[in-house]
Amino acid sequence: MMPGVSSAQRPTARRVRIIACLGYALLLLSSHLTVWGGLRISARTGFDILSLLTWWSTPLLAAIGIVLLILGTCAFFRQSSGDGLDKAAKRVERIVAWTACVLVFLGYGVVVAAPPANPFSVCCGALLLGFGTGMLHMGWASFFSRLSRREVTALVLLSLVVCAFPLAVLPFLPSLVPDFVFVGATLSTAVFLSLAPRMPRTTQADALQAFDLPSSQREEQTAETRFGWKRPRTAKDLTRKALRTVRTPLFCAAAIAFASAITRLMTLYTQPRSSDAIAVAGAIFMALGAAVLLFVLGKKPKESSSALTIPTLFRILFPVVATLLLVLSLGVGQLGAPASAAVFSVYMIMSVLMIPACMSTAEKNSLRAEAVYGLFAGIVYAVFAAATLFGVHLFAENGGFGAATSLVAILLVFYVLAMAYALMQRRAAEAGAPSASVSIPSETEATLEATLEVEVFVPIETAPAPDPIEQRCLVVVERYGLSQRETDVLMGLAHGRTVMHLADSLCLSPNTIRSHCKTLYTKLGIHSRQELIDLVDAADACSNR
C-alpha cells in the first residue's frame, strides 16, 4: 500500500499501481521489439547484421537518447520557473503521449513501406520511432516521479517480470504476431499514460489528490529567507549539479550499456542463428533477476529500501559479468548465447532501476525527478548507440585484428567494466573516508596538550548559538518522519515565512508549496498555522523533559 494512503483512497492507490505496472510493462515490450529485435526488420529491409545495426539500431538508440536529453533539459528550465499540477499540465502530458504514439507508428510505417536495402528510409524511420519511444519513456518517468521511491522500485521490477513472459514466447509464434503485439503494446501504453490518475508532485507520495490551501492562509508579507544556502536558479547550474550527484550510478549504467551492446553484437555476428535463443534466454534471466530483487526488496524494512541502488547491484553483479566474459573469451559455442543473454538481462534490470535511482538523487538535491532521469537515461542511451556503432566498425572486416577480433572486444568490455568498478570504489571511499589528519611526533604531544589546555579557555570566537526554532522543528521532523521538502516547509512556516517567499527560496510554484503545506498539516494532524506553531513550541517542552 502506498505510504500515507487512507482507507478511502486505497481503491485509487490500487488502480494507480495496476495502471503503472501494466503501462510500463507494455512500454518495455514495445521498446524491446524495436531496440533488441523481434519485428523481423532484417527480413523486411534485406540488411545483414552489421548493416541493420548501422542503419536501424544506432539511429534508433541515438534518437531515444537525444529526446531524453532535450526533455530533461526542458524539465530543468521548468524547475527554474516552477510549475504546478493543473489541468493544463495534464493536457500537455496527454498530448505528449499521443504524439509519441503517432511518431512510433509513423516511423515503423516508413520502414515497412521502404523499398528493400534503402538505408535512408530505414534511418529516417528509426529516428522517428526513437523520438516517439523516448517521449514515452519520459512520460512514464514523470508519472513515476509522483510516487514513493520504494513503490516505484517494486513497480518497475514487477513490470520487467510481466514483460518477460511475452518476450519468451514471441520467437516461437508466426512472423506477423510480433507486429500486432508491437502495435497493441504501443497503443496501450499511450492509453494508460494519458488516462492514468495524476497525483500531486510531492517529494513523498503521501497524497493522491492536488490541494490548494484556503485563501485565508495566504499571506502577502515578505521577509529574508532563513536558509543558509542558495539553490541554483539556472538550468545550467541544475544540470551541473545533477551530473555531479549521479556520476557514480551513471558510470555503472553506462559501462553495462557498453558491455551489453558489444557482447550482443559479437554473439549475433559470430552466431547469426542464435538471435531467438538470446531473446528467450534473456527474457528468462531478466524475469528471474527481477523476481529475486523483488523478493529481497520485500524482505527489507521500508527504511532500507534505498540500499537497492545501481552501484550496489553493479558491485554484486560485476563478478558474474566478468565470469560470463571469460566464458565468451574461451570460445564455448554452446554457452555464447546464454552468456550474452545474461549480460543483456543485467542491462535491462539496470535500465528500469534508473527511474528510482534518479528519484533518489532528485529528492536529495531538490531537483525534478524527470529532469534527472532525462539527463541520466539520455547519456546511457547515447553510450549504447556509440558502442553499437563502434562494434560495427570493429567487426567490419574484423577491424584489422583478424581472428582475434572477438577476443579484443571482450578485453575492451572487461576494461570498461573494470574502470567503472574502480571509479565506483573510489567514489565510495571518498564518501566514507574520514577527514585527513596529520601525524604528530610523540615528543611534542605533551607540549600540544598543555597548549590546548591553556587555549581551550580563551574565547577567541564563539560559534553562533543554534536557532531554537530550528531545534524544535528538528524534534518534530524526527517524531513524525517528515521528508526533506516537508522539513523545509515546516521550518519556513515556523519562522513566519509566507507561501510566496517559500516558493521563491525553494524554486517551486506557490501551488506546489500549498500542496506541501496540506500534506504537512495532514501528517501533523493540524489545521492552521497557529496550531503548527503551538506544536513546535510543545516539541521544545517535550524535548526538555
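This is a predicted model: local features need pLDDT of at least 70, side-chain atom pairs count only at pLDDT 80 or more; totals for chains, interfaces and linings use all residues.
Residues are numbered from 1 along each chain as its sequence is written, and side-chain values use heavy atoms, with hydrogens and water left out.

The protein chain contains 21 helices and zero strands; helices (H or I, at least four residues) and strands (E, at least two) are DSSP runs, numbered from the N terminus. Of its 545 residues, 50% are buried, where buried means under 20% relative accessible area, exposed over 50%, and partly exposed in between (1.4 Å probe, protein chains only). The accessible surface of the chain is about 25100 Å², and carbon and sulfur atoms account for 64% of that area; such areas come from the Shrake-Rupley method with a 1.4 Å probe, and for residues only the protein chains shown count as cover. Among contacts (heavy atoms within 4.5 Å) between residues at least 6 apart in sequence, 83% join residues at least 24 apart.

Grid points are joined across faces, edges and corners, and a volume is the space filled by probe spheres set on the points.

The largest pocket has a volume of about 700 Å³. It is lined by 32 residues, with Trp36, Gly37, Gly38, Arg264 and Ser275 closest to its centre. At least two lining residues come from each of H1, H2, helix H3 (49-81), helix H9 (247-270), helix H10 (275-299) and H12. H3 gives the most to this lining, namely five residues. By class, the lining of the largest pocket comprises 19 nonpolar, nine polar and four charged residues; Ala, Val, Leu, Ile, Met, Phe, Trp, Tyr, Cys and Pro count as nonpolar, Asp, Glu, Lys and Arg as charged, and the others, Gly among them, as polar.

The structure also holds three cavities of 30 Å³ or more. The second largest cavity has a volume of about 160 Å³. Its lining consists of 16 residues, and Ser31, His137, Met348, Ser351 and Tyr381 lie nearest its centre. Helix H1 (10-35), helix H12 (333-352) and helix H14 (369-395) are the elements that give two or more residues to this lining. H1 gives the most, with five residues. Twelve residues of the lining of the second largest cavity are nonpolar, four are polar and none is charged.

Salt bridges are counted where a side-chain nitrogen of Lys or Arg lies within 4 Å of a carboxyl oxygen of Asp or Glu, and the count comes to six. One of them joins the side chains of arginine 17 and glutamate 151, at 3.8 Å from N to O. Arginine 17 lies in helix H1 and glutamate 151 in helix H6 (residues 149-169), so this pair ties together parts that are 134 residues apart in sequence. Arginine 17 is partly exposed at 22% relative accessible area, whereas glutamate 151 is buried at 11%.

A further salt bridge is formed by arginine 472 and aspartate 537, with 3.7 Å from N to O. This pair links distant parts of the chain, with arginine 472 in helix H17 (residues 468-480) and aspartate 537 in helix H21 (residues 529-543), 65 residues apart. Arginine 472 is buried, with a relative accessible area of 15%, and aspartate 537 is partly exposed at 38%. In the salt bridge between glutamate 370 and arginine 368, the closest N and O atoms are 2.4 Å apart. Glutamate 370 is buried at 2% relative accessible area, and arginine 368 is buried at 6%.

Two loop positions deserve a look at the backbone. Most residues other than glycine have a negative phi. Arginine 40, although not a glycine, has a positive phi of about 55 degrees. Arginine 40 is placed in the loop between H1 and helix H2 (41-45), and is partly exposed at 29% relative accessibility. Alanine 117, likewise not a glycine, has a positive phi of about 55 degrees. Alanine 117 lies in the loop between helix H4 (87-113) and helix H5 (119-144), and is partly exposed at 49% relative accessibility.

Note on methods. On a 1 Å grid over the protein atoms alone, a cavity is a set of points where a 1.4 Å probe fits but cannot get out, and a pocket is an open set with protein on both sides within 12 Å along at least five of seven lines; lining residues have an atom within 4 Å of a point.
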